[in-house]
Amino acid sequence: MVLFVTGLCSFHCFYCPVSDEKMYKDVVFADEKRVTKDEDVLEEARAIRATGAGITGGDPLDAVERTCRYIRLLKAEFGAGFHTHLYTMSTDAAKIRQLAEAGLDEIRFHVPPGLWARAAGSAFGPAGRDHVITARMDELRAARQWIERQTAFWERAMARLKDDLEG
Ligand code: SF4
């Protein structure tokens, strides 16, 4: 499903493909369906049996709170495996962190043409690395919690077994 979260955008790319109906207007669409309430997003996702969402605009980071709300909404309804990826031209680290915390799976930076030859040395380099590091940290944290839960479970099981054998 294509989730167009806002037509707002601080850029004016000469090749911008967004229609006049949506561009620079704070409107939301799920595919071609106009969204006026959260349930509209879920209805469209159910109707097309979506397994993920491509989040676009405008710039979704210009409506970051709303974008985070939709990510949480979709994951709560369809499960953590519902894949979300997002397109942006922004490198705002605080907003990217918010998105990662909301559960965004993938971010795709739309590098402005003037930076194509030197993107890695621009703000897009660290922004991409920070996002990857945040995602990896979350994975490691989840793995550590899983190991701790498993260890506690087996310790309790072994203690019970020992009690049974000795008692
Ligand atoms: S960043 Fe995207 S939405 Fe904004 S003007 Fe450029 S192409 Fe259009």
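This report describes the sheet, the helix packing and the ligand shell of a predicted model.

Local features are given where pLDDT is at least 70, side-chain atom pairs count only at pLDDT 80 or more, and totals for chains, interfaces and linings use all residues. Residues are numbered from 1 along each chain as its sequence is written.

**The sheet**

Helices (H or I, at least four residues) and strands (E, at least two) are DSSP runs, numbered from the N terminus. Two strands pair if DSSP finds at least two bridges between them. Six strands form an open sheet of mixed pairing, in the order S3-S2-S1-S4-S5-S6. Strand S3 (33–34) and strand S6 (106–109) are at the edges with a single partner strand each, so one side of each has no neighbour in the sheet.

Strand S1 (residues 2–6) runs parallel to strand S4 (residues 52–57), and four bridges join them. S4 also pairs with S5 in the parallel sense, over four bridges. Gly54 of S4 stands opposite Val2, and Gly54 also stands opposite His85 in S5.

**The helices**

Two packed helices are described by the angle between their axes and the distance between the axes. Axes are lines fitted to C-alpha atoms, for helices over the stretch in contact, and angles run from 0 to 180 degrees between N-to-C directions. Two such pairs are listed here.

| Pair | Angle | Axis distance |
|---|---|---|
| H1 (residues 38–47) and H2 (residues 64–78) | about 50° | 11 Å |
| H2 and H3 (residues 93–102) | roughly 15° | within 9 Å |

That makes H2 roughly parallel to H3. H1 and H2 are therefore oblique to each other. Angles under 35 degrees count as roughly parallel, over 145 as roughly antiparallel, 65 to 115 as roughly perpendicular and the rest as oblique.

Residues are in contact if their C-beta atoms, placed from the backbone, lie within 7 Å. Asp38, Val41, Leu42 and Ala45 in H1 meet Tyr70, Leu73, Leu74, Glu77 and Phe78 in H2. By class, this contact of H1 with H2 has seven nonpolar, no polar and two charged residues. Ala, Val, Leu, Ile, Met, Phe, Trp, Tyr, Cys and Pro count as nonpolar, Asp, Glu, Lys and Arg as charged, and the others, Gly among them, as polar.

H2 also lies across S1, S4 and strand S5 (83–88), running at about 150° to S1.

**The ligand shell**

A residue is near a molecule if its C-beta atom, placed from the backbone, lies within 6 Å of it. Cys9, Phe11, His12, Cys13, Cys16, Val18, Gly57, Gly58, Asp59, Met89 and His110 surround the ligand. This shell divides into six nonpolar residues, four polar and one charged.

Key
Two residues are in contact if their C-beta atoms, placed from the backbone, lie within 7 Å.
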